[in-house]
Amino acid sequence: MQRGPTGRYEVTTTAGETVRAFVPAPLPPVPPLDLAGARQRRLEQALLACGRLDAVTALLPEPDLFLYAYVRREAVLSSQIEGTQSSLSDLLLFELDEAPGVPFDDVVEVSNYVAALEHGLARLREGFPLSNRLLREVHGKLLARGRGADKLPGEFRRSQNWIGGTRPGNARHVPPPAQDIANCMAALERFIHAEADGLPILVKAALAHVQFETIHPFLDGNGRVGRLLIALMLADAGVLAQPLLYLSLYFKQHRAEYYRQLDAVRRDGDWEAWVDFFLEGVGQTAAGAVDTAHRLLALFADDAAKARDLGRAAANTLRVFDALRARPIASINDLSRRTAVSYPTVARAIEALAALGIVRELTGRKRDRVFAYDRYLAVLNEGAEPL
C-alpha cells in the first residue's frame, strides 16, 4: 500500500543553501498497516525464530558467555556500517590493553558502542523507562571518547544535518530542522509506549527504527543509536530472555536495499514493504544465532574433550580453556589472574592447548605474548569482516 510522503517538507537554510527538510508525521501510519495474509505469516515465523533462539539460549551452560561475545560482535558490525575498519579481534585486543591492528579511533568507537549497549540494557533491568532521556544517555556513552566527542554527546542537535551527498543541496535526505526535534522525538516516545494501537512489538520496533533514522536527532551516531533502539525495544518488551537479537549483520549484508526501503517509506509511505524486509531480517538473524549457538556448543565440547585427555595436566588446562571461552583473546598474565592459577602453570597449559591446535599466539613476541582461541573467533567473525 502506497500512501504518499509520510510527512511534510519545511523550507530551511543550512550551509548557505535553501533546502526542503522532511518532518515525519507521528506514528502509527495512516491508514493503518495491512498486517494480514502473508505479512501475518511472516510475523509468526519471525516470532517462532525468536522462540527457538530463546530455547537454545536456555540450554547454554553459561548464557552470559554467549552474550559477552554477541554484544561485541554487534558492536563491531554496527560500527562497520558507519565506516570503521575494526574487527572483533581488534576490540578484544584493545580491551586487553594491547595495540589493535587498526587506527585507535576506530576501535575506540567500537568500544564505546559496547559501553552504550551495556548501559542501555542495565538501565532497563533497573526499571528505567525506554525514553528519550535513556536514548540521550546511550548517545552520551557512544560519543564519550574518540571522533564524536565534540558532537554534543548526550544532546539532541541544535543545527541542521543531512544524509548522503556532499552538501545539503544534493543530500539523499534532509532531516527535520533542529527546532522540530523535540516534538518529533516526544511523539516517537509516545508511540513506543502506546498500547492502544495493538501493534506487535516486532512491528513497533520496525516502525520506530525508521522514524528515528528519519528524524536523525543527533549530530553524529544516529545510525548506531537507531540500531540500538531496536535491541532496547525488544529487550524492554521481553521478546527474548537474553538480548541476543541484533540486526546489524542483516543490514550490513543488504545495505543498498536497507537504504532504498528507508527512502521508499519517506517518499511513498510504503511501510508494508519495510516491515516485510525487517521481519525477514529478524527471522534470518534469530536462525543464524541459533546455528551459531549450536556450533559453539559442539566446538566447546570437542575441544574440552581434547583437553581432558591430557592426564595429570588436564585439570589446570581445562581451567585455562574455560577462561578462553569467556574471553577468546588473552595473555598469560590475564589468564593467571582470572583462573587464580600460577603463571608457570598457565604457561604450560597454553603450550598444551597450542599443541592441540586450540590456541594460537598472535604477536610473535618472546615476552608478553597474546593467545587467541582461534576456531571460536572464526565462528564469531563470520560476516564481521571490515567492509
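Trainee: Which residues does S111 touch, leaving aside its neighbours within four places in sequence?
Mentor: S111 is in contact with L91, F94 and R145 once those neighbours are set aside. Contact here means heavy atoms within 4.5 Å. This is a predicted model, in which local features need pLDDT of at least 70, side-chain atom pairs count only at pLDDT 80 or more, and totals for chains, interfaces and linings use all residues. Residues are numbered from 1 along each chain as its sequence is written, and side-chain values use heavy atoms, with hydrogens and water left out.

Trainee: Where is S111 found, and is S111 buried or exposed?
Mentor: S111 sits in helix α4. Its relative accessible area is 13%, and buried means under 20%, exposed over 50%, partly exposed in between (1.4 Å probe, protein chains only). S111 is therefore buried. As for the element names, helices (H or I, at least four residues) and strands (E, at least two) are DSSP runs, numbered from the N terminus.

Trainee: What makes the phi of D97 worth a remark, and where is D97 found?
Mentor: D97 has a positive phi of about 65° although it is not a glycine. It lies in the loop between α3 and α4. D97 has 72% relative accessibility, so it counts as exposed.

Trainee: Which phi does H216 take, and is H216 buried or exposed?
Mentor: The phi of H216 is positive too, about 45°, and H216 is not a glycine either. H216 is in the loop between α7 and α8 (222–236). Its relative accessible area is 13%, so H216 is buried.

Trainee: What makes the link between the side chains of E98 and R365 a polar contact?
Mentor: The two side chains come to 3.2 Å. A polar contact is a pair of N or O atoms within 3.5 Å; within protein, one must be able to donate a hydrogen and the other to accept it, and residues adjacent in sequence count only if both atoms are side-chain atoms. The pair E98 and R365 is therefore listed as a polar contact. E98 itself lies in the loop between α3 (88–95) and α4 (104–125). Not counting residues up to four places away in sequence, E98 touches L93, R365, D368 and V370. E98 and A330 are 232 residues apart in sequence, yet 9.8 Å apart in space, C-alpha to C-alpha.

Trainee: Which residue has its side chain joined to that of R375 by a polar contact?
Mentor: D303, at 2.8 Å. Leaving aside neighbours within four places in sequence, R375 is in contact with L299, D302, D303 and K306. R375 is in helix α15.

Trainee: Which residues of helix α15 (residues 374–381) are buried?
Mentor: Y376, L377, V379, L380 and N381. The buried residues of α15 pack against α2 (63–81), α3, α11 (271–308), α12 (314–326), β3 (329–331) and β5 (370–373). Just after α15, G383 takes a positive phi of about 85°.

Trainee: Which residues in α7 and α10 meet?
Mentor: H209, V210, E213 and T214 in α7 meet Y258, L262, V265 and R266 in α10. The residues of this contact divide into four nonpolar, two polar and two charged. Ala, Val, Leu, Ile, Met, Phe, Trp, Tyr, Cys and Pro count as nonpolar, Asp, Glu, Lys and Arg as charged, and the others, Gly among them, as polar.

Trainee: How many disulfides are there?
Mentor: A disulfide is taken as a pair of cysteine sulfur atoms within 2.5 Å, and by this rule the count is zero. C50 has a relative accessible area of 2% and is buried. C184, at 9% relative accessibility, counts as buried as well.

Trainee: What is the omega of the peptide bond that joins L27 and P28?
Mentor: Omega is about 5°, and the bond is cis. P28 is in the loop between β2 (17–24) and α1 (38–59). The peptide bond from V30 to P31 is also cis, with omega near -5°, and P31 is in the loop between β2 and α1.
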